[in-house]
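Student: I have a model open and want to learn how to read it. Where do we start?

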Amino acid sequence: MSANTVQSTNFYNVKDVFAEKYYQLPMVFFTNEKYKKMRLDAKVAYALLKDRFSYSVKNNWIDEDGNIYFIFTNKELSKLLQCNEKTLIKIKKELVQKNLLVQKRIGLNKPNHLYLLRPEVSSQDVYLINNRDKNPEKEASALQPQGTVKNAVPEKEASALQPQGTVKNAVPEKEASALQPQGTVKNTANLDYIILDTNKIHTNTSLDFSSKNYSQQEQQKQNSDLVHSAASFMTKTDEDGSYILNHDATAFLGAWCKTPGQMHQVVGIILNAKKAVEQDMQKQRPNDNETDILNISKGDSELKNLIGLTLKRYFNAIKVREENGNPIRDYEGYLYRTMQNMFWLYVNKHSATLN
């Protein structure tokens with residue numbers, strides 16, 4: 001039977017398809033305190049720009065890292081957002097302040113490259129959005145935080161945001177949930193959705209502390225805080241669990257390394273040099289107890305102090321050679337050889353005393 005002979009008004013018409021196209025507005029803009037008070041036109045601007053991603057891909061507006069950007073003059077962007085240029089500047093400023101937009105300067109008389117950034121999502125946002133999706137009649141919407149939801153759920157139903165509320169209707173009396181430590185639960189329609197949805201924050205929602213979620217300024221502060229507090233927790237341990245650097249050496253290293261990764265790499269090179277010396281000793285003296293000389297825990301403070309002193313000499317050599325016009329080219333290799341020589345000197349010294 002052809003479509004022409006079917007008597008129905010349920011066919012999709014091409015006009016219907018276009019009528020059902022929508023811009024996507026992140027729900028987190030209405031649940032997260034960081035975005036709740038944003039200008040509505042800034043939120044709409046974000047949705048409009050997000051929709052232009054396919055246009056950017058088509059025009060190959062993708063940088064060397066694979067990140068999508070937009071090229072718009074203020075005049076073009078004002079036309080797209082249906083606002084004047086003064087309003088546009090305010091919109092862009094707010095998006096930048098909320099870490100949702102980055103403007104990269106390209107050059108004189110050239111429009112900036114605009115990058116949209118993903119909004120932050122907290123566990124609270126996950127709870128609110130998840131509950132709203134699964135229990136539209138039982139949960140107050142994030143857009144109506146003070147509204148009273150009726151119809152199927154009694155008034156004063158306690159949620160994770162109302163830990164002292166009293167729930168009535170169908171669970172044994174006095175059954176206090178973890179979310180209602182002081183409340184009395186009576187007769188309910190199943191509280192599973194409260195307990196399960198809250199647990200999902202811990203089981204199905206993975207934390208994401210990756211650098212992409214932070215601005216360059218925030219990342220610099222994080223690295224600075226970690227590096228300068230490293231002396232309190234160190235960076236990496238030897239095989240027996242002992243810290244290879246003492247407090248003084250770790251604090252000193254913090255003045256040279258810009259990231260925790262660099263500190264970790266330096267300590268890793270020291271440990272590799274130590275392990276190489278131990279392996280050579282094992283080959284040379286397979287039955288000799290002296291091969292345990294480099295055990296950090298047995299060497300106590302002497303070996304740790306020597307490692308710290310050698311580390312300072314290494315960085316001093318870097319400065320001296322730069323000033324003399326003969327800079328070190330291979331920092332990793334130079335550190336490895338420096339530490340390897342130091343460990344052999346320590347071994348020879350203590351082998352002599354044992355003999």
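Tutor: Start with a definition: a charge sits over a ring if NZ of Lys or CZ of Arg is within 6 Å of the ring centre and within 35 degrees of the ring normal. Here R52 lies over the face of Y55, 4.7 Å from the ring centre. R321 lies over the face of Y334, at 5.7 Å from the ring centre.

Student: What should I know about the model and its numbering?

Tutor: This is a predicted model, where local features need pLDDT of at least 70, side-chain atom pairs count only at pLDDT 80 or more, and totals for chains, interfaces and linings use all residues. Residues are numbered from 1 along each chain as its sequence is written, and side-chain values use heavy atoms, with hydrogens and water left out.

Student: How many aromatic pairs does the structure hold?

Tutor: Rings of Phe, Tyr and Trp (its six-membered ring) pair if their centres lie within 6.5 Å; planes under 30 degrees apart are stacked, over 60 edge-to-face, the rest tilted. The structure holds 11 such pairs. In one of them, F29 and Y46 have ring centres 5.2 Å apart and planes at 75 degrees, so the pair is edge-to-face.

Student: Are F29 and Y46 buried or exposed?

Tutor: Buried means under 20% relative accessible area, exposed over 50%, and partly exposed in between (1.4 Å probe, protein chains only). Both F29 and Y46 are buried.

Student: Which kind of pair do F70 and F72 form?

Tutor: A stacked one: 6.3 Å centre to centre, with 20 degrees between the planes. F70 is buried, at 0% relative accessible area. F72 has 8% relative accessibility, so F72 counts as buried too. Ring pairs link F53, Y55, W61, F70 and F72 into a cluster.

Student: How do I read a nonpolar core?

Tutor: In soluble globular proteins, nonpolar side chains tend to be buried together. A nonpolar core is a set of buried Ala, Val, Leu, Ile, Met, Phe, Trp, Tyr and Cys residues joined through side-chain atoms within 4.5 Å. The largest core here has 32 residues; L245, I270, I307, L311 and F343 have the most contacts inside it. A second, separate core of 21 residues includes F70, L88, I91 and L95.

Student: Which residues does F343 touch?

Tutor: Contact means heavy atoms within 4.5 Å. Not counting residues up to four places away in sequence, F343 touches I270, A273, K274, V277, L294, L303 and I307.
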